[in-house]
Amino acid sequence: MGSSELRALATTHGRELTTIALRHAAHDPRTLLRWSERTRATALAQPPATSNAATIPESLAALRDNGRQLAEARQAGEPTEQLEKERLRLERAVRAEHHTLAPGSEEAQRPASAEEVVAGVGDGCLVELVDVDGVIHVLVVHNGRVRRRIAGTTAEVADLLGPTAMLMRRASRGRPSSMDDLARQLQETALGEAARLIPDGPVVLSPTARLHGVPWALLPVLADRPFSVVPSAGQWLRARSVRRPRARRTALVAGPGLASGGAEVPELAKRYPDALLLDGKDAEVEATLKAIDGADLVHLAAHGRFRADSPLFSALELADGPLVVHDLERLGRAPYRVVLSACESGVLAPVGAEEVLGLAAALISLGTSGLVCSVADVNDDATARLMVRLHDELAAGADPATALHVTRRAMADDPVAAATAAAFVALGA
C-alpha cells in the first residue's frame, strides 16, 4: 500500500494477534523483545510512499490556499464554516492522490531479530517499553543480556501527562514550580525497577506508541545523560546505518509569525556562512522542499500544528501556507539531520497497532538519521537561545542526543530555559 496512513491503520486488523503474541511471550525477555519488534512501527519500516506527481499536486496547492483563507477569516472574526467544509473536502482529495512505494529491498522490510538488536546495542543500552494487556513491561538490553521488569500501566502514565504538560507550560512562561515529585512519579510508573538496571552512559529509549509524548528529559534517570527516542529498535538500527551525504549542504528556514521572529536563524546563518537561508516571503513550501532535499543539516524555525485527528496533515507554517507530511513524501532524498524548533513538532499520534504518524515519523521513515524536536509548548525566546547552543555542539561533531544533553546542562540554572530544553527530544540516531 502506497499510503502511509493506510498502512498504519491496516495494522489494526492484526491487533488481536499482536496481543496474543505479546501475552504469551511476556515471561521470556528475549522472546518478548522479538515479538515487540515484529509488531511495532511496521509501517515506518516499509519503503517510503512517494507521490507520483511530477509537479505540486493541485489538491495540496488548493489546501494551502484554503489554509491562508482560514487564518485570515479567523483573524478577522469572520465565519469559517464553509472554509472548514472545503478544507475537509481538500484533505480527502489529498488522501486519494495516487502514491507508490519507493524502490526498496525485502531486507529493508524485514523486522529486526532479537539477536540483531542485542548485537547492535553491544555495550550500549536500549530500553524498550512493551504494553502487555495494559501493563508496561520494560526490557533493558545491555552487554548481550535482555532483562525485564514490570512497571505501572499505560493508563497511569497517560494520566500523568496532563499535569506534567501544565507544569511545563507554566515554567516555560516564567511561572516555575517544582516538578521533582511529578518527575519521580512519572519515572516510577513508566520504568519502575528497570531504572536501576540502566548503566551509566547514553541510552536509546523505545516507548510504546501511546507514550511517545512523554517529556523523557524530566525523568531523573535520563536527566543527566544523552538519550534518543525511537519508535522501535529496528528503526534505530536503520537510522544508525544511514550514510551521511558527501556534500554537507545546510538549509536554514524561518517561517512567519514567530514571537521571536526566528531570532536564532540570523545567528545560525553567521555560523553556517555557506548555508541556504530562506526567511520572510522566500520561505515558501516549494522553495523549502527544494532546499532540504538531500541536505546534510536542516533547521526549520516555524510554527508547528499537530493534528491528532489526522496526523499526516500536521504542519509547519510557511510563508505561503502549511507544509504537511504529504509534502515531505515528495522529497527525492530525506535530509540527514533535522532540527525542528516549533512547538509540538515531535508529537506523534498512536495509530493502529503500535504505529505512529506525524512530521517526525515521516522524516524517519523517509530516511532521516536524527532529529531534534519538541513534544510540548515551548518558549520562543528561550528556544532561540537553546538552538544556537545546540548548533554549536552539532558543529563540533556531537550527535543530536549528545548535543541536546550538553545544551540542557548549560541552561539548567535558568528555570524558563530549563523547562524549554526539557520539552525537546532527540529522535533516531
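**Exercise 1.** In this predicted model, determine how many residues the largest nonpolar core has and which of them have the most contacts inside it.

*Solution.* Step 1: the largest nonpolar core has 103 residues. Step 2: the residues with the most contacts inside this core are Val 127, Leu 129, Val 138, Leu 191, Trp 216 and Leu 328. Step 3: helix 16 (residues 359-366) supplies the largest share of the core, seven residues. Step 4: another core, of 21 residues, lies apart from it and includes Ala 26, Leu 126, Val 132 and Ala 233.

**Exercise 2.** State which residues Trp 216 is in contact with, leaving aside neighbours within four places in sequence.

*Solution.* The contacts of Trp 216 are Leu 129, Ala 190, Leu 205, Pro 207, Leu 211, Leu 222, Phe 227 and Val 229.

**Exercise 3.** Explain where the buried residues of helix 2 (residues 15-25) lie around its axis.

*Solution.* Step 1: the buried residues of helix 2 are Thr 18, Ala 21, Leu 22 and Ala 25. Step 2: they cover an arc of only 95° around the axis and therefore lie on the same side of helix 2. Step 3: an α-helix has 3.6 residues a turn, so residues three or four places apart point the same way. Step 4: the face turned away from the buried side carries the exposed residues Glu 16 and His 24. Step 5: helix 3 (29-39) and strand 3 (126-132) are among the elements that cover the buried residues of helix 2.

Definitions and conventions
Residues numbered from 1 in each chain as written. Predicted model: local features only at pLDDT ≥ 70, side-chain atom pairs only at ≥ 80, totals over all residues. Heavy atoms only, no water. Buried < 20%, exposed > 50% of the residue type's maximum accessible area, 1.4 Å probe, protein only. Helix = DSSP H or I, 4+ residues; strand = E, 2+ residues; numbered from the N terminus. Arc of directions from axis to C-beta. Contact = heavy atoms within 4.5 Å. Core = buried A, V, L, I, M, F, W, Y, C linked by side-chain atoms within 4.5 Å.
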